[in-house]
Structure formats: structure tokens, C-alpha cells
Amino acid sequence: MTTRAPIQVLVVDDEPLIAEAHRAYTEKVEGFVVAGVAHTAREAMTRLRAHPVDLVLLDLNLPDKHGLEIARALRAAGSGTDVLAVTSNRDIAMIRSAVALGVTHYLLKPFTFAAFRDKLDRYAQYRRQLAESAEVAAQHEVDRVFATLRGAPPDTLPKGLDPKTFDLILTALRSVAPAGLSAAEVGTRTGTSRVTARRYLEHLADAGRVVRSPRYGGPGRPEVEYRPASGGTHGP
């Protein structure tokens with residue numbers, strides 16, 4: 001199996017304690033490594049010119065320049081570095097500007113580690129999907145890449161699927177990652193039936209958030225096992 005290089009991250013926040021917290025959060029997620037920390041826009045741009053990274057965790061309220069000026073400079077330079085805005089700014093115009101500049105995620109402060117980890121997990125999966133092929137064959141493959149990056153809001157669950165049960169099943173999978181569980185095992189861990197667990201697991205698989213694989217060892221047909229699509233979905 002080919003070992004993928006870790007995703008290099010630059011943390012940018014003017015508050016040293018918050019920057020350190022974001023650095024610690026990032027390094028708790030498998031597959032990510034912090035390449036540096038900056039507290040001003042100037043420091044961030046100096047670091048990026050000297051040592052390009054894959055992803056910038058970007059506070060928008062910096063003392064010398066607005067954080068989006070960093071995103072704008074990256075795009076003007078043709079840089080492929082991605083940006084995850086980490087901010088308390090809730091202004092709609094600001095969010096529109098971030099989207100226009102190709103910001104991949106917009107995470108509002110304060111947030112939990114679980115929410116932070118979910119953004120990085122989705123980003124890592126998005127990068128893997130892009131790396132697997134030079135082009136896509138059909139529209140549904142394009143849709144899958146965008147769905148992986150953006151995620152689906154809870155109210156888009158198919159009819160009959162409950163958000164609380166959905167979260168329980170995700171937690172059960174994350175608790176054993178990178179190993180997998182069968183539908184029956186997920187049902188036992190979550191207090192649901194095997195049939196119910198399978199419905200949620202199949203929805204997750206169709207959304208690209210888990211992968212199916214055969215589990216051999218018993219008589220008859222191999223059992224289907226489900227595991228998180230991202231290697232970095234361990235518990236908090």
C-alpha cells in the first residue's frame with residue numbers, strides 16, 4: 001500500500017493561545033501535520049513564499065491585513081494552496097467573498113474538536129478523490145467530489161433516517177477506525193437492528209463517507225464490512 005505524504009498545514013491566527021489550540025487540534029487528526037504558525041498576514045505570506053503548504057487555517061481578523069487578502073494573494077499568484085477560514089465573522093458579504101476566492105470551508109468560532117475534525121476529514125477525502133484520477137467520467141462523480149468537500153446538511157437525510165441515529169452510527173464507526181464493522185455489529189453498538197443499521201451505512205457509503213469491503217472467514221458469502229473513508233476519523 002502506498003503511504004501518502006501528510007497534508008502540510010499553516011495555522012494563521014493573531015491570538016497565540018488560539019493559534020496553539022488550532023495547531024494541537026490539527027495534529028490530532030491523522031494525515032495532517034502543522035508546517036508552521038503565523039500571527040500576522042505579513043508573516044503568513046513570508047512563510048508561504050518560502051515554504052508552500054497544502055492548506056491554510058486562516059483567521060480573517062488579522063492585525064495588519066484582512067485574512068482574505070492572503071487568499072486573494074494566493075489566487076493571484078496561481079497557488080494551489082487551499083484555505084479553510086476559521087473565524088467569528090458571520091457577515092454574509094464576507095462569506096460570499098470567501099466563496100468567490102475559493103475558500104474550501106468556513107468554520108465559525110467557537111467550535112468543537114469534532115466539528116474541526118470533520119472539516120479536515122472531508123478535506124483529506126476530497127484530496128484523495130482528486131488524486132485518484134486525472135478526470136471524471138460522469139456527472140455523479142463530480143457531484144460526489146463536491147459533496148465530500150461541502151458535506152450535506154442534516155435536513156438532507158433521506159426520509160426515514162434520523163439525525164441522532166445517524167450520529168450514533170458515525171460515532172460507532174469512528175470508535176474502531178481504521179478497522180470496520182458489519183451492519184450487525186453497528187446495530188449492537190447503537191441499539192438498532194441490523195436492517196436499520198444497514199440503511200444508514202448504505203447511505204453513508206453512497207455519500208462517499210464510508211467504504212464497503214468484504215469480510216471473509218465464515219461459511220457462505222462474505223459479510224460486508226463498513227469503515228470510514230477517511231483514515232482520520234478516530235474519536236475526539
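These are my notebook entries on what I looked up in this predicted model.

**Ground rules**

I number residues from 1 along each chain as its sequence is written, and I use heavy atoms for side-chain values, with hydrogens and water left out. Because the model is predicted, local features need pLDDT of at least 70 and side-chain atom pairs count only at pLDDT 80 or more, while totals for chains, interfaces and linings use all residues.

**Overview**

I began with the secondary structure. The protein has nine helices and seven strands. Helices (H or I, at least four residues) and strands (E, at least two) are DSSP runs, numbered from the N terminus.

Next I checked burial. Of the 236 residues, 41% count as buried. Buried means under 20% relative accessible area, exposed over 50%, and partly exposed in between, with a 1.4 Å probe and protein chains only.

Then I turned to contacts, meaning heavy atoms within 4.5 Å. Among contacts between residues at least 6 apart in sequence, 62% join residues at least 24 apart.

**Threonine 26**

I looked up threonine 26 in helix 1, residues 16-28. Its relative accessibility is 0%, so threonine 26 counts as buried. Setting aside neighbours within four places in sequence, I listed its contacts: Val9, Phe32, Val34, Leu57, Phe116 and Leu120.

**Helix 1 against helix 5**

Two of those partners sent me to helix 5. The axes of helix 1 and helix 5 (residues 113-132) come within 10 Å and cross at roughly 60 degrees. I take axes as lines fitted to C-alpha atoms, for helices over the stretch in contact, with angles from 0 to 180 degrees between N-to-C directions. Helix 1 is therefore oblique to helix 5. The classes are: under 35 degrees roughly parallel, over 145 roughly antiparallel, 65 to 115 roughly perpendicular, and the rest oblique.

From helix 1, the contact uses His22, Tyr25, Thr26 and Lys28; from helix 5, it uses Phe113, Phe116 and Leu120. I sorted these residues into four nonpolar, two polar and one charged. Here Ala, Val, Leu, Ile, Met, Phe, Trp, Tyr, Cys and Pro count as nonpolar, Asp, Glu, Lys and Arg as charged, and the others, Gly among them, as polar.

**Aromatic pairs**

I searched the whole structure and found five aromatic pairs. Rings of Phe, Tyr and Trp (its six-membered ring) pair if their centres lie within 6.5 Å; planes under 30 degrees apart count as stacked, over 60 as edge-to-face and the rest as tilted.

Phenylalanine 111 and phenylalanine 116 are stacked, at 5.8 Å centre to centre with 10 degrees between the planes. Both of these phenylalanines are buried. The pair of tyrosine 123 and tyrosine 126 is tilted, because the ring centres are 6.2 Å apart and the planes stand at 40 degrees. Both tyrosines are buried. They sit three residues apart in helix 5, so about one helical turn separates them.

I also noted a cluster: ring pairs link Tyr25, Phe111, Phe113 and Phe116.

**Aspartate 13 and lysine 109**

I found aspartate 13 in the loop between strand 1 (7-12) and helix 1. At 1% relative accessibility, aspartate 13 counts as buried. Beyond four places in sequence, its contacts include His22, Asp59 and Lys109.

Lysine 109 is buried, with a relative accessible area of 15%. Beyond four places in sequence, lysine 109 touches Asp13, Ile18, His22, Asp59, Val86, Thr87, Ser88 and Arg90.

**Cis peptide bonds**

Most peptide bonds are trans. I noted a cis bond joining lysine 109 and proline 110, with omega about -10 degrees. Proline 110 lies in the loop between strand 5 (105-108) and helix 5.

The bond from alanine 177 to proline 178 is also cis, with omega near 10 degrees. I placed proline 178 in the loop between helix 7 (163-176) and helix 8.

**Helix 8 against helix 9**

Last, I looked at helix 8 (residues 183-190) and helix 9 (residues 194-206), which pack at about 105 degrees with axes 8 Å apart. That makes helix 8 roughly perpendicular to helix 9. Ala183, Ala184, Val186 and Gly187 of helix 8 meet Arg194, Ala197, Arg198 and Leu201 of helix 9. By class, I have five nonpolar, one polar and two charged residues in this contact.
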